[in-house]
Amino acid sequence: MDKRRFVVNLVSNFFSALSGVGISFFLTPYIVEHLGKEAYGFFPLSNNFVMYAGIITTALNSMSSRYITISLEKKDIKEANTYFNSVLFGNIFISLAFVVVSALFCLFIDKILDIPGNLVYDVRLLFIFILFSLVINVSSAVFQVTAFALNRFDKLAFINIISNVLKLGAIILLFYFFTPRIYFLGVTTAATAIYMLVANYRLTKKLLPEVQIDWSFFSKSALYVIVGSGVWNSVMAMSNVINTQLDLLIANHFFGASGMGFLSLTKFIPNAIYILLGIIVPIFLPEMLKAYANNDMGKLKKTLDLSFKAIFLVVLLPLSVFFVYGEVFFQLWLPTQDAHALHILSVITLVPFIVHGTIETVYHIFVITNKLRIASFWGIFISFFNFILVIILCKYSSLGVYSIPVGALVSGVLSHLTFTPLYAAYCLNESRWYFFKKIVRGLAGFSLLIALCYGWKQLNFFTVDNWLMFLVNCFLIGIALLIVTLFINFDRHTRADIFRKIRQKVNI
């Protein structure tokens, strides 16, 4: 992998994720204070409905990048245009269907969801704007593929950063000059979707002017090829939605708007992690695709190993601090809420991810090798197992809203420690223990970081009772954990190279 390009992509995408998470960080306590947690809960719920729609679009869009990237790698511009236009017009057809379904849903929304009477109008408008942005995003999804295929994630990250800045500015203006309403979040989301459409279109024309938008390139056979491969991704997307995106809807049904609102507050950290992963993980996919296309399995595995180390460094390290200091975080962030309960709920939600996060990019193996059928069947099985378990716990246990993350924890850990590592190893013709060893090593490293962080907390060097001391404390322990991570995850030569470059920068 081009080290310079990798660093540029990683840094730019990190700041892109940071800008998105920052909006949620500053906005959530403001909305909870002014509108209540019940009103806030409908915003993440509306975004979950976008994920539900994604089950349909995934069949087309998830594999488009694979076929377009391989076509460009072969220098076959005509084939790339065929795939590009087939996906573009296919998305437009799907969007037209979404318009009809969205209109009906918004019309009868108060019959479908448990909404407090004073919020029905605002929640209906929120969903109208969110679903409008969905239509825009689906129609223009293929315009992001060229940057992906050419490994220019920095360009996409820059667009995302600008989008988040514009979104934050618009929210501040609306909330400052008008009485705060929850649907303002939908208005800004729709506006930024239009910006993203224009920006990604211009980026496509700049990076790959050979790509033309022309109906003559549309091919039903190309569309069938992509959908035929991607349909299993849709099945996997459905299983993912059942596992992770139905929780607020279930909470709304069993525990009302109040229970849903409280659970939605625990989604901040998990969602931040998934946003970060959604930006970091794809960085490695183009190189893995190219290696597989060239039958270079050695390079493919080397890129996989690098991705595991990057995820540990960027994601699991900060999570080890959150596991120890999470309650303090919630006390400072949402002082009017039960910080202890929010911390426990967040940790329970994150445990399955910690298990699988050590080898998160392994899911790309199923896409790259185009062996999605069995993985999809397993995904459906484990998601329905999770759904049934959660419903049973909600109805018959005394866990209350804790039932939802507890059920997901049981099913998630079961899946991540059985099928996923075994089938991924099979797809690569590796030993069945190949990924198990990496999981064990990752979990051991994560446990070490938690132990060190907990030991630091017990020493009580700082009284962490305000944001300044919280940040100073996390920065200091983070530096210590970073040094430990470099020693446990990188070999001597890599560490020497990193330290040499740091010294050079300091001398400058």
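The model is predicted: local features need pLDDT of at least 70, side-chain atom pairs count only at pLDDT 80 or more, and totals for chains, interfaces and linings use all residues. Residues are numbered from 1 along each chain as its sequence is written, and side-chain values use heavy atoms, with hydrogens and water left out.

**Overall fold**

- The chain has 22 helices and zero strands. Both are DSSP runs, numbered from the N terminus: helices are H or I with at least four residues, strands are E with at least two.
- Of its 508 residues, 54% count as buried. Buried means under 20% relative accessible area, exposed means over 50%, and partly exposed lies in between (1.4 Å probe, protein chains only).
- Among contacts with a separation of 6 or more, 81% join residues 24 or more positions apart. A contact means heavy atoms within 4.5 Å.
- The chain exposes about 23000 Å², and carbon and sulfur atoms supply 67% of that area. Accessible areas come from the Shrake-Rupley method with a 1.4 Å probe; for residues, only the protein chains shown count as cover.

- Helix α3 spans residues 64-73; eight of its ten residues are buried, so the helix is largely enclosed by the rest of the structure.
- The buried residues of α3 include R66, Y67 and T69.
- K75 follows α3 and has a positive phi, near 65°.
- A293 lies in helix α13 (residues 285-293).
- A293 counts as partly exposed because its relative accessibility is 45%.

**Helix α4**

- S102 sits in helix α4 (residues 77-107). It counts as buried, at 12% relative accessibility.
- The S102 side chain reaches the backbone oxygen of F98 at 2.7 Å. A polar contact is a pair of N or O atoms within 3.5 Å; within protein, one must be able to donate a hydrogen and the other to accept it, and residues adjacent in sequence count only if both atoms are side-chain atoms.

**Helix α18**

- Helix α18 covers residues 403-416, and its 14 residues should span 20 Å at 1.5 Å a residue; the end C-alpha atoms are 20 Å apart, which agrees. The expected span is 1.5 Å times one less than the number of residues.
- Its buried residues include I404, P405 and H416.
- V413 also lies in α18. Leaving aside neighbours within four places in sequence, V413 is in contact with V351, P352 and V355.

**Cysteines**

- A search of the whole structure finds zero disulfides. A disulfide is a pair of cysteine sulfur atoms within 2.5 Å.
- The closest cysteine sulfur to that of C453 is in C474, 7.4 Å away, too far for a bond.
- C453 is buried, with a relative accessible area of 0%. C106 is buried too, at 7%.

**Positive phi in loops**

- Most residues other than glycine have a negative phi.
- N429 is not a glycine, yet has a positive phi of about 55°. It is found in the loop between α19 (419-427) and α20 (434-459), and is exposed, with a relative accessible area of 68%.
- N460 also has a positive phi, near 55°. Its place is the loop between α20 and α21 (467-489). N460 is exposed, with a relative accessible area of 53%.
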